[in-house]
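Dear colleague,

Please find below the structure that I am handing over to you. My notes on it follow directly after.

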Amino acid sequence: MQRRQFVQTLGAGSAVAGLGGLTGCAGTGGSSAKVVVVGGGYGGATAAKYVRLFSDQGIDVTLIEPNPAFVSCPISNLVIQGSKTIADVTTPYDNLSKRHGVKIVRDTVTSIDADKRTVRLAAGGELPYDRLILSPGVDFMWDTLPSMAKAEAKEKVLHAWKAGAQTVALRKQLEAMPDGGVYAISIPLAPYRCPPGPYERACMVANYFKKAKPKSKVMIFDANDDITSKKGLFMKAWDEHYKGMIEYRPKHKVIDVDAPTNTLKFEFNDDFKAGVANVIPNMRAGEIAVKTGLATANARWCEVDFLTFESKARKNIHVLGDSIQIAAGMPKSGHMANQHGKTCAAAVVSLLQGKEPPQLPIYANTCYSFVTDEDVVHVASVHRYDAEKKTMLPVAGAGGVSSAASELEGRYAHAWARNIWADTLA
């Protein structure tokens with residue numbers, strides 16, 4: 001199979017293999033089983049929809065999400081670049097309820113009682129569950145950046161790593177910066193959400209500068225020893241499109257920030273003062289997962305059974321997406337969270353019906369990165385469950401990276417976004 005054909009087969013709507021044969025009502029004595037899903041991102045929204053689909057609407061599903069609409073992190077760097085608006089990457093949750101019967105509660109879960117199988121809401125009251133699916137995304141380890149503890153510091157020095165208000169605010173900071181100013185982005189030690197994302201963002205800021213502020217510069221301060229994803233492709237793009245505009249410095253670990261002056265402070269390197277500072281902190285599993293005792297890997301990530309995504313720490317609680325301790329070669333990406341959601345949904349429906357979960361989940365991942373406003377590169381992979389090792393492993397020979405950036409892959413990237421948003425939310 002040629003690479004182009006392979007990439008097209010990895011469309012966001014691709015089914016997760018081995019999930020068929022799940023139909024009928026769940027529960028005993030005619031009563032409907034209850035599934036509560038916490039978090040309406042790529043993992044949680046997909047899981048909520050597919051529990052309903054795989055059970056022929058026989059399982060009661062409630063999605064708890066504080067935001068009124070889904071805002072996609074993938075494609076959001078184009079909002080920072082200026083060719084997209086935040087509305088372009090925003091999709092309402094309406095179809096989950098109208099088409100699939102998912103009950104949506106706009107609230108936040110403050111605590112989970114794993115013994116009683118209830119979740120407590122910030123607005124008051126409790127919801128019972130038979131199975132709980134947590135997809136809380138990531139939260140930031142602010143304790144590693146002491147001066148960023150203050151609210152005003154967080155409002156001044158943005159991460160924009162959760163698409164939404166900060167995405168728009170970072171764009172405004174770039175617009176307000178005078179020509180000749182310096183934008184500095186700091187990248188945390190891996191693992192973090194979306195490995196190629198910071199390098200794509202550097203390209204998109206440079207693309208904006210090239211058109212609007214040609215005297216300006218982009219500084220990349222990477223805590224890692226080297227570029228963590230698509231190294232050759234990003235370096236080629238920097239040389240071909242942004243020569244002299246982007247400077248990359250590895251082994252630069254930020255340990256604090258002086259927000260009033262936009263000054264980055266490093267563990268072993270000299271301080272750096274920027275015109276616009278974009279600091280991406282270290283990450284861990286979402287707060288509710290940590291509070292519930294699910295973050296058993298270095299107190300940061302949640303270990304799960306990869307057949308079911310059930311937590312290894314608590315029965316009847318499943319954890320998806322960026323919060324989990326990933327398997328070898330598995331990125332923390334939106335596409336991967338979508339695949340987690342389907343695998344988990346199939347397992348949850350089977351378990352509630354008293355059946356064995358599917359035993360051979362296979363799923364794919366594709367990450368597209370814009371290097372100009374039109375040219376795109378990708379990395380793709382396929383993952384299969386290994387029963388002996390009890391984990392997901394990359395399929396040898398499947399996947400790979402682009403040979404070069406192209407406008408054609410740009411069209412694929414936009415199509416991928418439309419497809420995965422539909423697969424998750426339509």
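Which strand gives the most to the lining of the second largest pocket? In this predicted model, that strand is E23, with three residues. Strand E23 spans 376-386, and strand E22 (362-370) likewise supplies at least two residues of this lining.

The second largest pocket holds about 310 Å³ of space. Its lining comprises 18 residues, and Pro 195, Thr 228, Gly 329, Met 330 and Pro 331 are those nearest the centre. By class, the lining consists of 12 nonpolar residues, five polar and one charged.

H6 (residues 165-176) packs against H7 (residues 197-212) at an angle of about 40°, and their axes lie 11 Å apart. The crossing of H6 and H7 is right-handed. On the H6 side, the contact involves Leu 170, Arg 171, Leu 174 and Glu 175, which meet Arg 201, Val 205, Tyr 208 and Phe 209 of H7. Five of the residues in this contact are nonpolar and three are charged, with no polar ones.

Finally, there are two hairpins to report. Strands E14 (residues 254-258) and E15 (residues 263-266) run antiparallel and are joined by four bridges. Asp 256 stands opposite Lys 265 of E15. Four residues separate E14 from E15 in their hairpin, and Asn 262 in the turn has a positive phi of about 55°. E15 also runs antiparallel to E16 (residues 272-273), to which two bridges join it. Here Thr 263 has Lys 273 in E16 as its bridge partner, and the hairpin from E15 to E16 passes through five residues.

With kind regards

Notes: Residues are numbered from 1 along each chain as its sequence is written. This is a predicted model: local features need pLDDT of at least 70, side-chain atom pairs count only at pLDDT 80 or more; totals for chains, interfaces and linings use all residues. Side-chain values use heavy atoms; hydrogens and water are left out. Axes are lines fitted to C-alpha atoms, for helices over the stretch in contact, and angles run from 0 to 180 degrees between N-to-C directions. A crossing is left-handed if the near helix is turned anticlockwise from the far one by less than a right angle, and right-handed if clockwise. Contact means heavy atoms within 4.5 Å. Ala, Val, Leu, Ile, Met, Phe, Trp, Tyr, Cys and Pro count as nonpolar, Asp, Glu, Lys and Arg as charged, and the others, Gly among them, as polar. On a 1 Å grid over the protein atoms alone, a cavity is a set of points where a 1.4 Å probe fits but cannot get out, and a pocket is an open set with protein on both sides within 12 Å along at least five of seven lines; lining residues have an atom within 4 Å of a point. Grid points are joined across faces, edges and corners, and a volume is the space filled by probe spheres set on the points. Two strands pair if DSSP finds at least two bridges between them.
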